Structure formats: structure tokens, C-alpha cells
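This report describes selected packing features of one protein chain. The sequence and the structure are shown below for reference.

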Amino acid sequence: MLGTTSVGTDRTFSLRHPDPFAPRYTGVAALADGDQPSGNEHDRVGRERLLAKIADYLGVAPLTAKTPGAVQGESILLVPGDTLDRSQHDAALDTTPVLGGIVPAVFVGTKAITHPLVDAAADRPMLWSDIMADMIGDAALSGYTAFSRDDAARAGRLLLANGSVRIKDVCGKAGLGQSVVHDETMLDAALALEDPETLAHHGIVLEANLTDVVTYSVGSVQLGDDSISYWGSQNLTTDHHGREVYGGSDLCVVRGDLDALAALDLPPSLVRAIEYAAMFDHAAHCAYPTVKLTRRNYDVIEGTDHMGTRRIGVLEQSWRVGGASGAEIAAFEALRAEPDTHSVRCSTVEVYDLITPPTGAIVYYHGTDPVVGAMTKYAVRLA
């Protein structure tokens with residue numbers, strides 16, 4: 001159960017409807033970026049529905065997609081589908097309200113910053129900071145980030161001395177773009193498939209592989225003047241190719257920032273997961289001080305290592321609207337509607353089938369995507 005004794009007395013963050021005669025924003029718009037793929041149908045429809053829910057919460061109109069330059073100096077909340085790279089948009093982002101994250105280089109918004117480089121001689125992109133890994137310490141699993149095949153091969157061999165290794169595409173989502181290797185032959189075969197130019201630009205992650213795992217979500221969202229934070233767990237489902245992929249999130253949400261979670265009476269594993277997420281968040285701000293984050297979500301894994309010991313570590317960050325965003329908006333709405341309620345439970349569900357969502361659910365997609373097949377996506381308040 002979610003403890004609320006301390007949180008219930010915190011009135012620093014109130015949830016209130018914006019004054020309809022003086023709204024903070026004049027509209028909400030998705031990011032228009034011709035360089036980015038538009039995504040599958042279920043992604044596009046889901047984003048449109050989410051945008052409408054955000055606009056409704058703020059009491060403004062959803063607008064057509066905008067570029068950062070088009071909203072510069074305007075009171076329009078921009079909702080990109082990915083973390084924004086400041087170097088690609090220059091000064092246009094300095095005065096643009098964004099729901100998500102803005103980073104100084106593309107790799108900063110990916111899994112790449114979770115781990116250190118294999119050694120001082122390793123290849124690295126401009127702006128790479130060693131401070132991040134130093135500050136994270138044990139809050140991440142044993143692992144390395146590499147920006148070349150040679151560095152990845154050296155890192156993989158070091159990790160294989162202590163069990164199997166998981167190789168991860170730093171831009172992979174929904175659990176895709178990952179493989180597990182058990183020996184050097186498998187490692188070299190996997191790395192031979194990697195494009196050198198992509199490696200140099202984005203990097204690749206190699207880390208200790210855990211079994212019998214559970215993945216927690218720890219996050220915080222600022223929407224207008226309102227803030228919520230939460231812990232929760234992710235669910236897996238099977239897609240039409242038989243792969244285990246992201247199937248939704250169950251969130252326990254309170255008012256306030258990440259520090260509000262520290263006051264809760266929770267099991268030791270959850271306490272550690274929240275602590276590690278906060279350490280990652282703090283380290284990222286110290287290592288890359290120009291980051292601007294209004295939506296933060298951290299995936300924290302608990303599992304068994306090769307020695308049979310239970311381990312906990314941050315896997316990655318998500319500084320963009322994502323799979324749990326429907327549940328986040330549902331929590332904002334519930335807490336506003338019930339000023340004396342201090343915590344709520346909300347979920348998102350993704351099923352690769354056409355099902356009937358429960359009464360009261362907000363449907364984000366229900367149909368047959370031309371690429372992925374039949375799918376149902378919805379958000380619902382549980383308690």
C-alpha cells in the first residue's frame with residue numbers, strides 16, 4: 001500500500017485548474033519535425049489522443065504540429081515524441097515550454113549515459129562527461145557504453161568474465177533492440193552486425209544480464225504549475241511476432257516532485273529503486289547542467305545475477321511522453337477532481353488484440369495497425 005502520512009501534509013504542490021480567463025498557455029502542439037519518422041498508426045493515434053487530454057487539462061486548444069521556431073516567444077506547450085537535442089534546434093528551444101526533455105547532445109537522452117566507457121582511451125562523442133558514471137556508482141548495473149566495435153568488444157569480454165551480457169540498442173524502445181550473449185563468439189557475431197557510423201553517433205550499451213526480473217518505473221511530471229511523482233511497475237505482453245514487449249504500466253501517484261516519494265512507507269526494494277532513480281536524476285543534472293526536464297521516467301530493474309544475488313539498478317531514462325503518459329494524465333485529472341485525495345493508482349494497458357476496455361477507461365488506440373496488427377491501448381484509474 002502507498003503510505004501517505006507525510007505526503008498528505010505537503011501543500012507545496014497544488015493541483016488546480018488554470019484560470020480560464022488567463023491561461024498559462026495559449027495552446028498545446030506536437031512537434032513537427034520532417035527529419036523524424038511519423039511512427040506506426042497506433043503511435044500516431046495515441047499521441048493525438050494524449051495531446052487532446054493534455055490540452056483539456058490545461059484548458060486550452062490542441063493545435064496543429066509546430067516547429068520550435070514557429071512557437072518561439074509564444075505561450076504554446078510543445079509536446080515532442082522524443083527527447084529534444086538542443087544542438088539540432090539551437091536557440092529556438094531556450095524560450096519554448098516543452099513537456100519532456102531537452103538535452104545538449106543526442107546521446108544524453110539515451111541509455112548511453114547510464115554506464116561508463118571501458119577506459120580512458122575509449123572513443124567518445126563531444127560533450128561526453130565521465131562525471132555521470134562516477135556519481136551513479138552502484139545505482140546502475142555493471143556495464144559499459146561503447147562508441148566503436150573495438151571498445152564494445154573489450155567491454156564485452158570484461159563483462160563475460162562474470163556471466164552473460166545483455167547488448168542494447170541505446171535508442172531501443174518497448175524492450176526491443178536487445179540480445180544476450182554467453183561467450184566471446186556470440187559477442188563478436190552480435191557486434192559484427194553493428195554499423196560503425198551508427199555506433200560512433202549513438203553508441204551501444206553492454207551490461208550484466210539478470211534473470212527473474214521485475215522492472216519498476218519511477219517518475220515525475222510537471223504540467224503547467226502542477227507536479228506529480230510516482231513509482232510503479234511495468235507489464236510485459238506478447239506481440240504478433242511472439243516477442244515479449246512493453247504491455248503497460250501500473251503507477252502509484254502522489255503530489256509533488258521525486259522527493260515526495262522518499263516519505264512513503266514502502267518495501268525495501270522499492271525504497272532502493274526510488275533512491276537509485278533520484279541518484280540518476282541528480283547525476284544527469286550535474287554531468288549535463290543544461291538539461292531541461294519536465295517529464296522524467298526511470299526504469300529500474302531488480303533481478304538475479306550469475307551468482308544468485310538479487311541486484312537493483314537503473315536501466316535507462318525516458319525524458320519524453322511515453323507508454324506511461326496516459327496513466328500520468330489520468331492521475332493529474334483524478335487529483336485535481338479530488339483535492340483531499342493524496343494518492344491514486346492509475347494504469348496504462350497495451351494488448352496486441354482487439355479487446356473491450358473496462359468502464360471508465362480512456363482509449364488511446366483500438367484497431368488494426370497496418371504494421372503491427374490488432375492492438376488496444378488504454379489508460380484507467382484503479383483506485
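## Sheet, helix packing and cores

In this predicted model, three strands make up an open sheet of mixed pairing, in the order 3-4-12. Strand 3 runs parallel to strand 4 (residues 101-103), and two bridges join them. Asp85 lies opposite Val103 in strand 4.

A helix pair is considered next. The axes of helix 1 (residues 41-58) and helix 9 (residues 325-337) are 10 Å apart, at an angle of about 20°. Because angles under 35 degrees count as roughly parallel, helix 1 and helix 9 are described as roughly parallel to each other. Helix 1 passes helix 9 in a left-handed crossing. The residues that make this contact are listed by helix in the table.

| Helix | Residues in the contact |
|---|---|
| Helix 1 | Leu50, Lys53, Ile54, Tyr57 |
| Helix 9 | Ser325, Gly326, Ile329, Phe332, Glu333, Arg336 |

The largest nonpolar core comprises 60 residues, and Met132, Leu206, Tyr288 and Trp319 have the most contacts inside it. Helix 8 (residues 268-287) gives the most to this core, contributing nine residues. Leaving aside residues up to four places away in sequence, Met132 touches Ile113, Phe280, Ala283, Ala284, Ala287 and Tyr288. A second, separate core has 32 residues, including Tyr57, Val79, Val321 and Tyr364.

Conventions
Residues numbered from 1 in each chain as written. Predicted model: local features only at pLDDT ≥ 70, side-chain atom pairs only at ≥ 80, totals over all residues. Heavy atoms only, no water. Core = buried A, V, L, I, M, F, W, Y, C linked by side-chain atoms within 4.5 Å. Buried < 20%, exposed > 50% of the residue type's maximum accessible area, 1.4 Å probe, protein only. Helix = DSSP H or I, 4+ residues; strand = E, 2+ residues; numbered from the N terminus. Contact = heavy atoms within 4.5 Å. Pairing = 2+ DSSP bridges. Axes fitted to C-alpha atoms, helices over the stretch in contact; angles between N-to-C directions. Parallel < 35°, antiparallel > 145°, perpendicular 65-115°, else oblique. Left-handed = near helix turned anticlockwise from the far one by under 90°.
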